[in-house]
Amino acid sequence: MSDKLPDTFVDVAIVGAGVMGAMLAERLSDDGRRVLLLDRRPPAHGSTAASTALVMWAADVPLTHLSARIGAAEAARRWRRVYAAVQRLAQKASSLECGWIARPELYLAGTLLDEAGLRTEKRVRRTAKLPTEFLDSDTVAARFGIAPRAALLSQGCYEVDPVKLTLASLSRSRRHGTAACFPVDVTRLEPAGDAIRVWMGDGASICAGDVILATGYERAKWFLPPQFTVGSSYAIATPPGCAPLWRENAMIWEASSPYLYARATSDGRVIVGGEDEDFADAHQRDALITAKSGAIRARLEAMAAKPEIAMDCAWAATFGSSPDGLPAIGRVGGYDHLWLASGFGGNGITFAALATELLAGALNGKPDADAGCFDPYRFGPHHIGQTAVINGISSTSSTDEGTPSYQ
């Protein structure tokens with residue numbers, strides 16, 4: 001149930017009540033701040049509802065590829081920081097009723113990294129003190145019961161119910177005084193001295209000391225540089241009782257573009273996704289669900305070495321990417337009290353955990369030493385993407401980006 005909109009100043013207003021916004025609200029309210037959480041939908045809708053539910057520390061861009069771009073030391077620094085955020089989240093989330101379970105991660109050779117590439121990736125990861133081992137194709141087939149293919153096996157990864165995690169975080173933050181208001185459509189932000197006035201579609205407004213945009217892919221272009229892009233991703237699910245199709249309940253994904261990921265659920269479904277496209281138009285996206293689901297199913301059958309796997313449902317959703325596979329977390333260029341928490345990449349829940357640490361440090365006057373690694377403008381000069389500027393800040397039209405569609 002929605003709370004009443006506060007009639008006085010709040011310390012922090014967070015736009016977006018998905019897993020990112022809810023986890024931020026929990027951390028900041030626990031720090032003693034008066035927090036307001038706003039969303040045009042109920043909590044945990046949008047991109048959170050379409051999450052892969054995988055909590056991994058390996059980014060979409062292989063560590064060897066990132067090392068070639070920015071140097072081995074800097075690349076390792078970023079990956080270690082993400083790994084540390086996952087392990088700290090594990091310590092907290094394991095006590096919540098959110099389906100938090102440790103899972104091994106199997107990263108199969110593909111078009112991005114072949115067997116030789118995986119061997120190099122393993123060496124680079126081990127140098128960075130990340131828990132990964134190399135398995136040859138015969139070992140993979142014998143151990144996991146799938147088609148032979150070389151792979152990396154990593155520990156320190158997890159599965160979670162993202163909706164339950166979001167609602168648990170929201171419940172905790174409410175106990176600390178957070179007001180969660182929905183449906184509320186934030187339409188405009190205005191500078192107000194040392195604060196920001198947040199305007200809503202019904203004409204109401206409130207003043208906040210800081211505003212954090214945790215809008216997922218719904219309004220992904222608010223203040224993000226053009227290097228961060230949105231596209232479309234597809235997934236299928238088998239009927240309950242189909243799992244296990246492989247051993248050890250490993251989370252599987254491919255070092256490929258387009259990639260494939262697969263996991264089993266507690267009721268015995270197998271969820272498989274990938275086949276991304278670089279457009280985000282909902283009508284164009286959804287028109288491909290049937291074709292994409294067939295392609296994903298065929299790839300699952302080939303990977304699992306099992307023909308005629310049943311399919312129960314298929315869906316599509318918007319997905320975000322960045323050049324290094326890492327998120328945009330930090331202050332908006334030119335605005336002292338406006339922040340971005342955009343978890344672009346395949347590790348949205350992981351990046352939400354990272355954002356709580358980085359932004360809490362910044363707002364507490366104790367900037368994180370690694371904050372610059374995830375700054376939204378790390379790829380070039382401060383440049384705000386496609387926005388309509390109103391009263392010095394920004395507004396954008398409503399879209400259905402981030403809303404999953406099912407067939």
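**Reading helix packing**

Analyst: H2 and H3 are oblique to each other, and the reason lies in the angle between their axes, about 130°. Please keep in mind throughout that this is a predicted model.

User: How is a pair of packed helices described in general, and at what angle and axis distance do H2 and H3 pack?

Analyst: In general, two packed helices are described by the angle between their axes and the distance between the axes. Here helix H2, residues 63-70, and helix H3, residues 72-93, pack at about 130° with axes 7 Å apart, and the crossing in which H2 passes H3 is right-handed. On the H2 side the contact is made by Leu 63, Leu 66, Ser 67 and Ile 70, while H3 contributes Ala 72, Glu 74, Ala 75, Ala 76, Arg 78 and Trp 79. By class, the residues of this contact divide into 7 nonpolar, 1 polar and 2 charged.

User: What are the angle and the handedness for H1 and H6?

Analyst: The axes of helix H1, residues 19-30, and H6 cross at roughly 30° and come within 8 Å. This angle makes H1 roughly parallel to H6, because angles under 35 degrees count as roughly parallel. H1 passes H6 in a left-handed crossing. From H1, the residues Val 19, Ala 22, Met 23, Ala 25, Glu 26 and Ser 29 meet Leu 165, Thr 166, Ser 169, Leu 170, Arg 172 and Ser 173 of H6, and the contact of H1 with H6 comprises 6 nonpolar, 4 polar and 2 charged residues.

User: Which residues does H1 use to meet H9?

Analyst: The axes of H1 and helix H9, residues 348-363, come within 9 Å and cross at roughly 35°, and H1 passes H9 in a right-handed crossing. H1 uses Val 19, Met 20, Met 23, Leu 24, Arg 27 and Leu 28, and the residues they meet in H9 include Ile 349, Phe 351, Leu 359 and Leu 363. The classes in this contact are 13 nonpolar, 1 polar and 2 charged residues.

User: How many residues line the second largest pocket, and which lie nearest its centre?

Analyst: A pocket can be read by its volume, its lining and the elements that supply that lining. The second largest pocket has a volume of about 520 Å³ and is lined by 26 residues, of which Ala 53, Asp 161, Arg 263, Thr 265 and Ile 271 lie nearest its centre. Helix H6 (162-175), strand E13 (260-264) and strand E15 (313-321) each supply at least two lining residues, with the largest share, 3 residues, coming from H6. By class, the lining has 14 nonpolar, 6 polar and 6 charged residues.

How values were computed:
Residues are numbered from 1 along each chain as its sequence is written. This is a predicted model: local features need pLDDT of at least 70, side-chain atom pairs count only at pLDDT 80 or more; totals for chains, interfaces and linings use all residues. Side-chain values use heavy atoms; hydrogens and water are left out. On a 1 Å grid over the protein atoms alone, a cavity is a set of points where a 1.4 Å probe fits but cannot get out, and a pocket is an open set with protein on both sides within 12 Å along at least five of seven lines; lining residues have an atom within 4 Å of a point. Grid points are joined across faces, edges and corners, and a volume is the space filled by probe spheres set on the points. Helices (H or I, at least four residues) and strands (E, at least two) are DSSP runs, numbered from the N terminus. Ala, Val, Leu, Ile, Met, Phe, Trp, Tyr, Cys and Pro count as nonpolar, Asp, Glu, Lys and Arg as charged, and the others, Gly among them, as polar. Axes are lines fitted to C-alpha atoms, for helices over the stretch in contact, and angles run from 0 to 180 degrees between N-to-C directions. Angles under 35 degrees count as roughly parallel, over 145 as roughly antiparallel, 65 to 115 as roughly perpendicular and the rest as oblique. A crossing is left-handed if the near helix is turned anticlockwise from the far one by less than a right angle, and right-handed if clockwise. Contact means heavy atoms within 4.5 Å.
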